[in-house]
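Welcome! Let's walk through this structure together, one question at a time.

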Amino acid sequence: MILSSTITCPLCGHRRTETMPTDACRILYDCKGCGAALRPRAGDCCVFCSYGDTPCPPVQAEGACRPPAAAPQRGPGGGRPA
């Protein structure tokens, strides 16, 4: 398993190699070049899967990226979750 990934900022192009956590998804990364707060793209579980050159450890192990759990959906009319 590879535990480092080089993140490339989509805004300024700054690149930095970071160590990936093995027990959690990293959903926020502050670019060291421009200071932008990067979040995963839709459908990706973490910033490494979105902007890194190596997918995160869970994806390496399981072969699939699972997005973080979404907030409960509201039922018709905006009431309680269905």
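Rings of Phe, Tyr and Trp (its six-membered ring) count as a pair if their centres lie within 6.5 Å. Keep in mind that this is a predicted model.

Q: How many aromatic pairs does the structure hold?
A: The test looks at ring centres, which have to lie within 6.5 Å of each other. Under that cut-off, the number of aromatic pairs in the structure is zero.

Q: Which residue lies over the face of tyrosine 29?
A: A charge over a ring needs NZ of Lys or CZ of Arg within 6 Å of the ring centre. At 4.7 Å from the ring centre of tyrosine 29, the residue over its face is lysine 32.

Q: In what order do the elements of the chain run from the N terminus on?
A: The chain has two helices and four strands to arrange. Starting at the N terminus, the order is β-β-β-β-α-α.

Q: Over which residues does pLDDT stay under 50?
A: Across the chain the average pLDDT is 82, and 77% of the residues score at least 70. Where pLDDT is low, predicted coordinates should not be read in detail. One stretch stays under 50, with 10 contacts beyond four places in sequence in the model: residues 69-82.

Q: Which residues have the most contacts inside the largest nonpolar core?
A: In soluble globular proteins, nonpolar side chains tend to be buried together. Here, 28% of the 82 residues of the chain count as buried. The largest nonpolar core has 15 residues, and those with the most contacts inside it are Ile7, Leu38 and Cys56.

Q: Which element gives the largest share of this core?
A: The core in question is the largest nonpolar one, with 15 residues. Its largest share is four residues, and they come from helix α1 (residues 47-51).

Q: Which residues does cysteine 56 touch, not counting those up to four places away in sequence?
A: Cys56 is among the residues with the most contacts inside the largest nonpolar core. Beyond four places in sequence, cysteine 56 touches Met20, Cys45, Cys46, Phe48 and Cys49.

Q: How many disulfides does the count come to?
A: A disulfide is a covalent bond between the sulfur atoms of two cysteines. The cut-off used here asks for sulfur atoms within 2.5 Å. By this rule the count is zero.

Q: What is the distance from cysteine 9 to the nearest cysteine sulfur?
A: Cysteine 9 is buried, because its relative accessible area is 3% and the cut-off is under 20%. Cysteine 9 is in no disulfide, and the nearest cysteine sulfur, that of cysteine 31, is at 3.7 Å.

Q: Is cysteine 34 buried, exposed or partly exposed?
A: Cysteine 34 is likewise in no disulfide, with the nearest cysteine sulfur, that of cysteine 12, 3.8 Å away. Buried means under 20% and exposed over 50%. Its relative accessibility is 41%, so cysteine 34 counts as partly exposed.

Q: Is serine 50 buried or exposed?
A: Serine 50 has its place in helix α1. Leaving aside neighbours within four places in sequence, serine 50 is in contact with Pro40, Arg41 and Asp44. Its relative accessibility is 6%, so serine 50 counts as buried.

Q: Is alanine 61 buried or exposed?
A: Alanine 61 sits in helix α2 (residues 57-62). Because its relative accessible area is 58%, alanine 61 is exposed.

Note on methods: Residues are numbered from 1 along each chain as its sequence is written. This is a predicted model: local features need pLDDT of at least 70, side-chain atom pairs count only at pLDDT 80 or more; totals for chains, interfaces and linings use all residues. Side-chain values use heavy atoms; hydrogens and water are left out. Buried means under 20% relative accessible area, exposed over 50%, partly exposed in between (1.4 Å probe, protein chains only). pLDDT is the predictor's confidence in each residue, from 0 to 100. Contact means heavy atoms within 4.5 Å. A nonpolar core is a set of buried Ala, Val, Leu, Ile, Met, Phe, Trp, Tyr and Cys residues joined through side-chain atoms within 4.5 Å. Rings of Phe, Tyr and Trp (its six-membered ring) pair if their centres lie within 6.5 Å; planes under 30 degrees apart count as stacked, over 60 as edge-to-face and the rest as tilted. A charge sits over a ring if NZ of Lys or CZ of Arg is within 6 Å of the ring centre and within 35 degrees of the ring normal.
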